[in-house]
Amino acid sequence: MATRERERDLELLIRERERDLELLIPVSSPENAPPKSSISSPESPATSTTSTSSHSHHTSGREAFSKVIQSWASKKFMTGCVILLPIAITFYVTWIFIRFVDGFFSPIYNHLGINVFGLGFATSLIFIFLIGVFMQSWLGTSVLTVWEWFIKKMPLISYIYTASKQISTAISPDQTSKAFKEVAIIRHPRIGEYVLGFITNTVILNRRSVGEELCCVYIPTNHLYLGDIVLISPKDVMRPNLSVREGIEIVISGGMSIPQLLTTIEPPNIPPERVPHFETPKE
């Protein structure tokens, strides 16, 4: 009897262990494993929160550092572009001009077997200088007069020649009566606003036998080639301390080359022959 009871107790013990194993197998499997937070110690939420915050601070610091590096690199790159762009444009335009001028006489030297770059450019400069010297003489002036008379007889070419001559005359060192005489600042179009213009001529406005001298001021509205013409009293014209070439540079550059300080100068004295004389009507 004692032996049978021991065997029964042994069988019951074996069955209980088998049941415990059956219950433990799904628990130990990775598919049905509970999350770590459920089996972790009571201090695990605080630890996970600390690790998350430290990771976020590390990520934000890395992003801020990368943004600072990108901003610094972009500023330095734009600074390099701002410095190199005018230099590149200057060299490019100069190179095109040299090749254009060199192309006038370089074919002649190439035909003669002389292949030296820049020789045609130097010859062109010497030729232009000799033309300037020749046109200052009486014979050159006569030839130019005949040439202009011939050009003005052509319908389309005369307009192109006249417009280009007026532009070249404006920047010519020999200021003639048709060139820009002075730089002017006038109030236009409203009170309190000033515009930059060029005095091109003076006219006499005759009203009821009373003559009034007016200045013809050219106000560029599209760089230098299109603009308005305003007749204004000399008293309303302010003459800054700018030359005509400086005024043209200001207009072409869109006002970026204007000096920080402008001072007005006194207008030149009107010659006696320009003062109109009108007879008072007899009553």
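**Note on the predicted model**

1. The chain contains 7 helices and 6 strands, where helices (H or I, at least four residues) and strands (E, at least two) are DSSP runs numbered from the N terminus. Read from the N terminus, the order of elements is α-α-α-α-α-α-β-β-β-β-β-α-β.

2. On provenance: this is a predicted model, in which local features need pLDDT of at least 70 and side-chain atom pairs count only at pLDDT 80 or more, while totals for chains, interfaces and linings use all residues. Residues are numbered from 1 along each chain as its sequence is written, and side-chain values use heavy atoms, with hydrogens and water left out.

3. Burial. Of the 283 residues of the chain, 17% count as buried. Buried stands for under 20% relative accessible area, exposed for over 50%, and partly exposed for values in between (1.4 Å probe, protein chains only). The areas themselves come from the Shrake-Rupley method with a 1.4 Å probe, and for residues only the protein chains shown count as cover.

4. The structure holds 4 aromatic pairs; rings of Phe, Tyr and Trp (its six-membered ring) pair if their centres lie within 6.5 Å, and planes under 30 degrees apart are called stacked, over 60 edge-to-face and the rest tilted. One of the pairs is Phe100 with Phe104: the ring centres are 5.2 Å apart and the planes stand at 80°, so the pair is edge-to-face. Both residues belong to helix α3 (residues 44-111), 4 residues apart, about one turn of the helix. An α-helix has 3.6 residues a turn, so residues three or four places apart point the same way. Phe100 is exposed, with 55% relative accessibility. The C-alpha atoms of Phe100 and Phe121 are separated by 8.5 Å, and the two residues are 21 residues apart along the chain.

5. Surface patch. Leu85, Ile89, Tyr92, Val93, Trp95, Ile96 and Phe117 make a nonpolar surface patch of about 750 Å². Patches are made of residues with over 30% relative accessible area and no salt bridge; like charges are joined within 9 Å, nonpolar side chains (Val, Leu, Ile, Met, Phe, Trp, Tyr) within 5 Å. Ile96 is located in helix α3 and is partly exposed at 41% relative accessibility.

6. Salt bridge. The count is 1 salt bridge, defined as a side-chain nitrogen of Lys or Arg within 4 Å of a carboxyl oxygen of Asp or Glu. The side chains involved are those of Glu182 and Arg239 (3.3 Å, N to O). Glu182 sits in strand β1 (residues 182-187) and Arg239 in strand β5 (residues 239-240), so the contact ties together parts that are 57 residues apart in sequence. Glu182 is partly exposed at 23% relative accessibility, whereas Arg239 is buried at 8%.

7. Helix α7 (residues 244-252). The buried residues here are Val244, Gly247, Ile248, Ile250 and Val251. They cover an arc of only 160° around the axis, which puts them on the same side of α7; the arc is that of the directions from the helix axis to the C-beta atoms. Gly254, which follows α7, has a positive phi, near 75°.

8. Cysteines. There are 0 disulfides, a disulfide being a pair of cysteine sulfur atoms within 2.5 Å. For Cys215, the closest cysteine sulfur is in Cys216, at 8.9 Å, too far for a bond. Cys215 is buried, with 3% relative accessible area, while Cys81 is partly exposed at 34%.
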